[in-house]
Amino acid sequence: MTDAKILDLYWERAEQAIYESQKAYGKYCYKIAWNILYSREDSDECVNDTWLRAWNAIPPSRPGRLALFLGTITRNLSLDRWKERRAMKRGKGEMELALDELAECLPDAHNTEAEVEAAELERLVNDFLCGLPERECNIFLRRYWYVEEYSEIARRYGMKLNTVKTSLFRTRGKLREYLEREGVIL
Amino acid sequence: MSENLERDLERNHKRGHKSQEHLDRQEQERAMRLMEALSGVDERLLERCEDRVIKHQKFLWRSTRAVAAVLCLAVVGAVSWGGYRLSNMKMGSADSSGGAAGAPEAGMENAAAPWDGVSGDTAEMDTPGEAAPDGADEEAGQREEQKVTAAGAESGTAADRDGSKPQTEMAGNGTGGFGAQQETEEKEQEEGAAEENGADGAGDSGVTEYESCLPLKSEKRTETQARTEAVLGAYVPELLPKGYAFENAYRVPEDSEANLTICWSRGMDSITLQLTKPANQPQTVDASRAELYDVHLYEIPYGESVPEEYRQTFNNPVFAAEDFDLEIVKSRMKSYDDQGDTDTPRGNFGVLFSDGVLVRFSGRGSAEEIWEMFCSMGGEE
């Protein structure tokens, strides 16, 4: 089924939309979640939550590319899940949690003027990526958007593993310089 | 003292470890913010990184297909060439000793060709290992060659083209003249007759083998001779679609029914007329029922679209001459969109004339041209 038809189903509020989304993009979303979480159970949950989020978002949304729309939802959910999991591992006692809560009240140690909002950061990252050569940009996104392994990226683009590593190393360096130049201090 | 020192070291170590952990956590949090910022990356960039994969895979798929296609072509080419060489080798022994037979044929193919009528002494074949022309066997060789070419024409034109035409092209580039054409044609006929009478001449196992595959012998005819054939000759059309040139004609004397097959060609296009006077006349098609024969009513593959009960008639309809008109010709001629082929409309059908002569047409040309061709037949009158 084409994206347009699946979107029509969402707009008609037909539950088949979820079935069709799962059929068409289930594996794609699962892989994104798996790369981040490395847990079958968590990945399944994230993918299931993806359909729910999509159901709530469409309408009014009508994404141009459904795959990327769903993939982005899965990715965000997976990142949230990853943070939760890390917090749970770390929080062996209430004390640490309490400290974390209190830490929110403390003023940031960094220069608040230099701090950028998430949206601004997104914009800057986008600009940076747009300025990159296509190959470097692709490799960077495969690594940090899809969280793919080096070897997988190398195989995907028919490159040597070391070339991928070198490319990523250089791009990270460029991003650091770029963000510093833009006055971004994370 | 040492206990205090140890305690201090341990405390420092724990503190360092904790601060390191704290640092790592902070770094991870910062990295996480970047990760999250990447969620808002431009879709076009993401698409591009997907597209790149598709392109890469497509390229691989395309190149694999291209390599496979080239390999297939190479195999088909090798097999065809091998077959061609084999047939030439078999015929070569006859040709090498009897080039004269090939030359008259050249004369028939194209009257204007300057090498027509060549005596054939200079005939050459590129088949390796073949025997040099032997003067003593020349006459016998001529007969053998004639036998092969005549036999090759038995089942249509394909075998003839495979067998005799290449010889025509390769046959002597000597100094023959156009004026000898008629002579050579006659000579050819005489030789054909001699062969019919069983004058096999010097034996050649290759020729014998080749001949044994063909059940009926046929006699070649020139266009002029075809026109003078009793009864059927009258049905050889006077007019042909523009550009068509006579290719060959033959009759099968062993057949109990009067028969004559004649073929014209124009580049890749050809027209073949099979003229017979069958003892049992075929059933003619009801011209008012276009569904029985109109190729435009059905989709390709016809095997799926034409109802089974119509299929036999549809594949080879025979029309009564009184029903036959331009509309019927139009209904049977269709241009097919075949890659590598000409777009000239093609079709086949038969016309049964009142005197019992059946003309089966198979070939290419516009419906109007084919209709005019049929109109130029003088048979029934």
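Mentor: Two residues are in contact here if their C-beta atoms, placed from the backbone, lie within 7 Å. In chain B, among contacts with a separation of 6 or more, 71% are accounted for by residues 24 or more positions apart. Residues are numbered from 1 along each chain as its sequence is written, while chains are lettered from A and ligands numbered from 1 in the order in which they are written. This is a predicted model, in which local features need pLDDT of at least 70 and side-chain atom pairs count only at pLDDT 80 or more, whereas totals for chains, interfaces and linings use all residues.

Trainee: What is the mean pLDDT of chain B, and what percentage of its residues reach 70 or more?

Mentor: pLDDT is the predictor's confidence in each residue, on a scale from 0 to 100. For chain B the mean is 69, and 55% of its residues reach 70 or more. Over residues 92-186 of chain B the pLDDT stays under 50, although the model has 194 contacts beyond four places in sequence for that stretch. Residues 190-211 of chain B also stay under 50, with 45 contacts beyond four places in sequence. Where pLDDT is low, the predicted coordinates should not be read in detail. For the complex, the predictor gives an ipTM of 0.77 and a pTM of 0.39.

Trainee: How many residues does each chain bring to the contact between them?

Mentor: Chain A brings 26 residues and chain B brings 21 residues. On the chain A side, at least two residues each come from α4 (66-90), α6 (118-130), α7 (134-144) and α8 (150-157), where helices (H or I, at least four residues) and strands (E, at least two) are DSSP runs numbered from the N terminus. The largest share of that side, 7 residues, is supplied by α6(A). By type, the chain A side divides into 13 nonpolar, 6 polar and 7 charged residues, with Ala, Val, Leu, Ile, Met, Phe, Trp, Tyr, Cys and Pro counted as nonpolar, Asp, Glu, Lys and Arg as charged, and the others, Gly among them, as polar.

Trainee: Which residues of α6(A) are buried?

Mentor: A residue is buried if 20 or more other C-beta atoms lie within 10 Å of its own, exposed if 12 or fewer, and partly exposed in between, with C-beta atoms placed from the backbone. In α6(A) the buried residues include A:Leu121, A:Val125 and A:Leu129. These three cover an arc of only 70 degrees around the axis, which puts them on the same side of α6(A); the arc is that of the directions from the helix axis to the C-beta atoms. The face turned away from the buried side of α6(A) carries the exposed residues A:Ala119, A:Asp127 and A:Cys130.

Trainee: What span should the 13 residues of α6(A) have?

Mentor: The expected span of a helix is 1.5 Å times one less than its number of residues. For the 13 residues of α6(A) that gives 18 Å, and the end C-alpha atoms are 18 Å apart, which agrees.

Trainee: Turning to the strands of chain B, is β7(B) largely enclosed or open?

Mentor: Chain B has 12 helices and 7 strands, and buried residues make up 33% of its 381 residues. In strand β7 (residues 358-364) of chain B, 5 of the 7 residues are buried, so this strand is largely enclosed by the rest of the structure.

Trainee: Which strand pairs with β7(B) over 6 bridges, and which is joined to it by 7 bridges?

Mentor: Two strands pair if DSSP finds at least two bridges between them. Strand β4 (residues 269-277) of chain B pairs with β7(B) in the antiparallel sense over 6 bridges, and B:Gln274 has B:Arg360 as its bridge partner in β7(B). Strand β6 (residues 346-352) of chain B is joined to β7(B) by 7 bridges, and these two strands run antiparallel, with B:Asn348 opposite B:Ser362. β6(B) and β7(B) form a hairpin with 5 residues between them, and B:Gly356 in the turn has a positive phi of about 90 degrees.

Trainee: Which residues does B:Thr276 touch, not counting residues up to four places away in sequence?

Mentor: B:Thr276, found in strand β4 of chain B, touches B:Glu257, B:Ala258, B:Asn259 and B:Leu358 when residues up to four places away in sequence are not counted. The C-alpha atoms of B:Thr276 and B:Ala258 are separated by 5.5 Å, although the two lie 18 residues apart along the chain. B:Thr276 is buried, with 22 other C-beta atoms within 10 Å.
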